[in-house]
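Hi,

Here is the structure I promised to pass on. Have a look first, and then read on for what turned up inside.

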Amino acid sequence: MNRKTSRPIASRPIASRKVDPRPVDHCVLPVENLDVARSRLSALGFTVAPRADHPFGTANTCVYFTNDSYLEPLAIVDAELARQTALKRNVFAVRDAAYRFRNGPEGFSALVMGTANANADHRKFVFSGISAGRQLVFSRPFEMPDGTVSEASFRLAFAADPRSPDVFFFTCERTKQPQTDRTKLQRHANGVRGISRIVMSERSPADFDYFCQQIVGTKTSETTAHSVDIAAKNAIVSLYDADECKAQFGIAIGDERGLRLQAIVFDVASITALCKHLDEQSVDHEMRAGRALVKPVAGQGAVFAFEEKAS
């Protein structure tokens, strides 16, 4: 009798059709209060977009960059609506609620990759055994600093690894983009041009290499005894062990297993000008491995690292 066997999550092959790596789209940063997040991010030198409400009880106030990546500080603004939405199996609401329950209202919960076809991504995630649930399609208002309001629409495909309950992933297809000029929102006093690296921690990075390749949409990585680097279209997704987290970012991780999102590295025009701005705003920072590091506080959620790329 023929017997079908299921492969473990880390060994199922990605679809054979070759695809380019996905870009890092944005980072979801749970916060308790959007006003606090706006104040903190402004002090760091970021231009912060006006508040935008989701139709499922959350709202954001984003920071956009010229390489099409952005930060999404996310707060619950209608707790009952968020609860009801989660009960209806909205994956975004379920995962946000689970993260806050386990980690508190502040942190770094999700890495989002850009895509031109979330439907295809969902099928790949299901095939590979890493789908986190049903797709999500929604719209929200997009407001410019001058008060001009238009609509943005999205289609999301979710992925997760059951070994890592404190992080989730999804791809984001922008099905309707506002016909607005974001130039003013992408210009920052600190000189940041975009996200250049996402850092996750795990005691044994190699155990999650293949899973993260599927998230980025590639079949290659660069590995050392302490790290795994996976090249996305516009940034690097890095998995660091305890030694590398401590050496590179001063982050101390415990003995628990599973991926955790720890740090965001930004490409900055001038590290000298960046540090001058932080000094003027009385923002504590330190230099380590050629980067300016800012530890997380309320409204920030992750270690922020600023580096000046060699031209």
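A cavity here is a set of points, on a 1 Å grid over the protein atoms alone, where a 1.4 Å probe fits but cannot get out; lining residues have an atom within 4 Å of a point. Points are joined across faces, edges and corners, and a volume is the space filled by probe spheres set on them. This is a predicted model, in which local features need pLDDT of at least 70 and side-chain atom pairs count only at pLDDT 80 or more, while totals for chains, interfaces and linings use all residues. Residues are numbered from 1 along each chain as its sequence is written, and side-chain values use heavy atoms, with hydrogens and water left out.

On that basis there are six cavities of 30 Å³ or more.

Two or more lining residues come from each of β5 (70-76), β7 (136-143), β8 (149-159) and β9 (168-176) (strands are DSSP runs of E, at least two residues, numbered from the N terminus).

The second largest cavity holds about 70 Å³. Its lining includes Tyr64, Tyr70, Arg140, Phe154 and Arg182. β7, β8 and β9 each supply at least two of the lining residues, with the largest share, three residues, coming from β8.

Happy browsing!

Methods: 1 Å grid on protein atoms, 1.4 Å probe; cavity = no way out; pocket = protein on both sides within 12 Å on 5 of 7 lines; lining within 4 Å. Helix = DSSP H or I, 4+ residues; strand = E, 2+ residues; numbered from the N terminus.
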